[in-house]
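Reader: I like to know what stands behind each label in a structure description. Could we go through this one together?

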Amino acid sequence: MTTEPRASERTGDFDGKGSRVAWRAWLPDTEVTAAIVLVHGVAEHSGRYAHVGKRFADAGFATYALDHIGHGKSAGGKANIGSMDGAADNVAAMLDIARREHPGVPRFLVGHSMGSLVILYLATRAPIDVAGIVLSAPPLDIPVGNPVQRLFAPVLSRLTPNLGVLTLDSSMISRDPAVVRAYDSDPLVYRGPLPARTATEILNATATVKQRLNRLTVPLLVLHGTADALAAPTSTDMIERGAAAKDLTVIRYEGLYHEIFNEPEQDKVLGDVVAWLQAHL
């Protein structure tokens, strides 16, 4: 017999770096044992993580998820994050809101894809007060995009930051056709070519984070599908070799695509995350 998640949902916004930032939260009806900030990937939005937020809330974790600038219900140019520093600042602001609303409980960061990169950028920029970090499909090695696109993206970022330079193949996100169809038909998912500014900020951030991995000292869980064609699994290898965290767990899921939270095996994946979070309360 199954029971429905006991989460209630809230929404809000704040004045972020660059523009207004919208957020939503899934809150347990029982005692809150931790606060989580969930950070989504490029071109998508926080609403795609409702099932994740409800699963976390059902485990007693108050879960907050912001929409990056230019994404979802936040303001800004379509899929244009503005800057990686600004994106990191907005995640830090979301952490502060979670701390104010739930003082005294451990705080965690959970990110997927570009969300993982934003978290890595934030956590290696300066020390942060969190009990742990969970990274899904961190994109330090990005196989998409040809050399010409990579060469000209920085120039276009300065001259025409909203010009599209790279289109993502939605068939690569999940082996579940229903997930791909929902992604393609979601009005809050941006399906055009990624803006030059966002592409450049991502590429620059990967280079920066690789040089700062030895600053990564907080407890860390890194998850990756071995068949990820958007963020190469070698990205997780880099973190495993370079991070200074003494508490480091890596799980590789054989044959899973990019969005491991949206694969047919998602229940197993989310169970692994919840178990790790509970072990680090």
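Author: Gladly! Let us start with Ala137, which sits in the loop between strand 6 and helix 4 (147-159). Please keep in mind that this is a predicted model.

Reader: Why is Ala137 called buried?

Author: Its relative accessible area is 1%. The label applies to values under 20%, so Ala137 counts as buried.

Reader: What makes the phi of Ala137 worth a remark?

Author: Phi of Ala137 is near 50 degrees, a positive value in a residue other than glycine. Ala43 is another case: its phi is positive, about 70 degrees, and Ala43 is not a glycine either.

Reader: What does Ser113 touch, leaving out residues up to four places away in sequence?

Author: Ser113 touches Gly41, Ser136, Ala137, Pro139 and His258, so we meet Ala137 again here. Ser113 itself is in the loop between strand 5 and helix 3.

Reader: How do you know that Ser113 is buried?

Author: The relative accessible area of Ser113 is 11%. The cut-off is 20%, and Ser113 is under it, so the label is buried.

Reader: Let us turn to the sheet. In what order do its strands come?

Author: The sheet is open and has eight strands, in the order 1-2-4-3-5-6-9-10, with mixed pairing.

Reader: What makes strand 1 and strand 10 stand at the edges?

Author: Strand 1 (7-15) and strand 10 (248-253) each have a single partner strand, so one side of each has no neighbour in the sheet. On average, neighbouring strands of this sheet are turned by 15 degrees against each other, ignoring direction.

Reader: Why do strand 6 and strand 9 count as paired?

Author: Pairing takes at least two bridges. Strand 6 (residues 132-136) and strand 9 (residues 220-225) have four bridges, in the parallel sense, so they qualify. Leu135, for one, has Val222 in strand 9 as its bridge partner.

Reader: Which strands does helix 3 touch?

Author: Helix 3 (residues 114-125) packs on the sheet and touches strand 3 (34-39), strand 5 (107-112) and strand 6. The direction of helix 3 makes about 135 degrees with that of strand 5.

Reader: What makes helix 1 oblique to helix 8?

Author: Helix 1 (residues 50-58) and helix 8 (residues 266-279) pack at about 40 degrees, and their axes are 11 Å apart. Roughly parallel would need an angle under 35 degrees, and roughly perpendicular starts at 65, so helix 1 is oblique to helix 8. Helix 1 passes helix 8 in a right-handed crossing. The contact is made by His51, Val52, Arg55 and Phe56 of helix 1 and Gln266, Asp267, Leu270, Gly271, Val273, Val274 and Leu277 of helix 8. Its residues divide into six nonpolar, three polar and two charged.

Reader: One more, please. How do you know that Ala87 is buried?

Author: Ala87, in helix 2 (residues 84-101), has a relative accessible area of 4%. The limit is 20%, so Ala87 is buried. Leaving aside neighbours within four places in sequence, Ala87 is in contact with His68 and Val118. Ala87 and Ile69 are 18 residues apart in sequence, and their C-alpha atoms are 7.3 Å apart in space.

Technical notes: Residues numbered from 1 in each chain as written. Predicted model: local features only at pLDDT ≥ 70, side-chain atom pairs only at ≥ 80, totals over all residues. Heavy atoms only, no water. Axes fitted to C-alpha atoms, helices over the stretch in contact; angles between N-to-C directions. Helix = DSSP H or I, 4+ residues; strand = E, 2+ residues; numbered from the N terminus. Parallel < 35°, antiparallel > 145°, perpendicular 65-115°, else oblique. Left-handed = near helix turned anticlockwise from the far one by under 90°. Contact = heavy atoms within 4.5 Å. Nonpolar A, V, L, I, M, F, W, Y, C, P; charged D, E, K, R; others polar. Buried < 20%, exposed > 50% of the residue type's maximum accessible area, 1.4 Å probe, protein only.
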